[in-house]
Amino acid sequence: MATYVQQLLEGKIDFEGQKLVERISRDTLIAATAISFIAGFATQSLRVTFGLFALFVIVLSAAVIPPWPMYNRHPVKWLPVKESKAE
Amino acid sequence: MHTVYSRINNVSAMLSTCVMVLLAAISISSYFLVADPKGSIAVSSIQVFPGNARRYANKNQDFAFVNFNVTADLSPLFNWNTKQLFLYVSAEYENKRGVKNEVVIWDRIVRRKEDAQLSVAGRNKYAFRELSTSFKGAAPAHYTLKYNVMPYVGVLTYGEAARTADPVPFPERQELS
């Protein structure tokens, strides 16, 4: 039980998943900055800018921080265990 | 990136950079949203009386009482990065000894665009007195309406919205009856 909770909190993902998360978070944040600036400038409202930006950040956090199964589709394949001589 | 904590760290690091860029972009955008609204100011009456400021109780000095009319539409100054406006009326004159003085006699804070249509018949809010105790011999004064735009992000900008066409001379001191 304790190990299960620990695994849930750690939320490990595989190497391909890490690459994907890195790309998604960087691209989304840059796009969010540009879009919220343009939208706020067009409507002449800082409330629109920061509301939209906050929305982007919340959605991004939900998409990227928990260890969703899509980030665990390429588990590392270990080599088979060698017969040890001691046996 | 392999655990929840490292992902939070990664996202928040990129987030702080993006917020800084966003704030810088907003403050730079103010330079492209320039407005130079003009209004008018006229002095309707000015009187000088002797008096005694409580702070300098042993000194009798002149107090000027100015009534003025101000009309201006400062709503163009409100853009997305304007928090509020600070408006002030100041008197600019040279006293007898040739010292240039600028005295703020009235001010107002405008928080909303709807309140930026200015039409005020006012009088000086703050005591208008001369440092050398007397307005005698002082050059005629120009009265100006100036504004200070306070943004949410960025630098304060100053401007002048109105100025009396001709300088207004100080009248002779009237004695209190």
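1. A crossing of two helices is called left-handed if the near helix is turned anticlockwise from the far one by less than a right angle, and right-handed if clockwise. By this criterion the crossing of helix 2 of chain A and helix 1 of chain B is right-handed. Helices (H or I, at least four residues) and strands (E, at least two) are DSSP runs, numbered from the N terminus.

2. On the basis of the note: the model is predicted, local features need pLDDT of at least 70, side-chain atom pairs count only at pLDDT 80 or more, and totals for chains, interfaces and linings use all residues. Residues are numbered from 1 along each chain as its sequence is written, while chains are lettered from A and ligands numbered from 1 in the order in which they are written.

3. The interface between the chains draws on 26 residues from chain A and 19 residues from chain B, two residues being in contact if their C-beta atoms, placed from the backbone, lie within 7 Å. On the chain A side, helix 1 (2-10), helix 2 (15-43) and helix 3 (46-64) each contribute at least two residues. Helix 2 of chain A gives the largest share, 12 residues. The side of chain A that touches chain B comprises 13 nonpolar, nine polar and four charged residues. In this classification Ala, Val, Leu, Ile, Met, Phe, Trp, Tyr, Cys and Pro count as nonpolar, Asp, Glu, Lys and Arg as charged, and the others, Gly among them, as polar.

4. Between the chains, the axes of helix 2 of chain A and helix 1 of chain B come within 10 Å and cross at roughly 25 degrees. Helix 2 of chain A is therefore roughly parallel to helix 1 of chain B. Axes are lines fitted to C-alpha atoms, for helices over the stretch in contact, and angles run from 0 to 180 degrees between N-to-C directions. Angles under 35 degrees count as roughly parallel, over 145 as roughly antiparallel, 65 to 115 as roughly perpendicular and the rest as oblique. The residues of this contact divide into 12 nonpolar, five polar and two charged.

5. Helix 3 of chain A also packs on helix 1 (residues 4-29) of chain B, at an angle of about 165 degrees and with the axes 11 Å apart. The angle makes helix 3 of chain A roughly antiparallel to helix 1 of chain B, and the crossing of these two helices is right-handed. Phe53(A), Val57(A), Leu60(A), Ser61(A) and Val64(A) meet Arg7(B), Val11(B), Leu15(B) and Leu22(B) here. By class, the contact has seven nonpolar residues, one polar and one charged.

6. Within chain A, the axes of helix 2 and helix 3 come within 8 Å and cross at roughly 165 degrees, which means that helix 2 of chain A is roughly antiparallel to helix 3 of chain A. The crossing of helix 2 and helix 3 of chain A is right-handed. Residues of the contact include Val21(A), Ile24(A) and Leu29(A) of helix 2 and Leu52(A), Phe53(A) and Phe56(A) of helix 3. The contact has 15 nonpolar, six polar and no charged residues.

7. Chain B is assigned domain 1 (1-32) and domain 2 (34-163); such bounds come from an automatic or database domain assignment. The C-alpha centres of the two domains of chain B lie 42 Å apart. Five residues from domain 1 and four residues from domain 2 of chain B make the contact between them. On the domain 1 side, two residues are nonpolar, three are polar and none is charged.

8. Four strands of chain B form an open sheet in the order 4-3-7-8, with antiparallel pairing. Strand 4 (100-110) and strand 8 (157-163) of chain B stand at the edges with a single partner strand each, so one side of each has no neighbour in the sheet. The twist averages 25 degrees from one strand to the next. Two strands pair if DSSP finds at least two bridges between them.

9. Strand 3 (residues 82-94) and strand 7 (residues 142-151) of chain B pair in the antiparallel sense over 10 bridges. Ser90(B) has Thr144(B) as its bridge partner, and Glu92(B) stands opposite His142(B). Strand 3 and strand 4 of chain B, which run antiparallel, are joined by 10 bridges, and Tyr93(B) is bridged to Asn101(B). The hairpin of strand 3 and strand 4 has five residues between the strands, and Gly98(B) takes a positive phi near 80 degrees in this hairpin.
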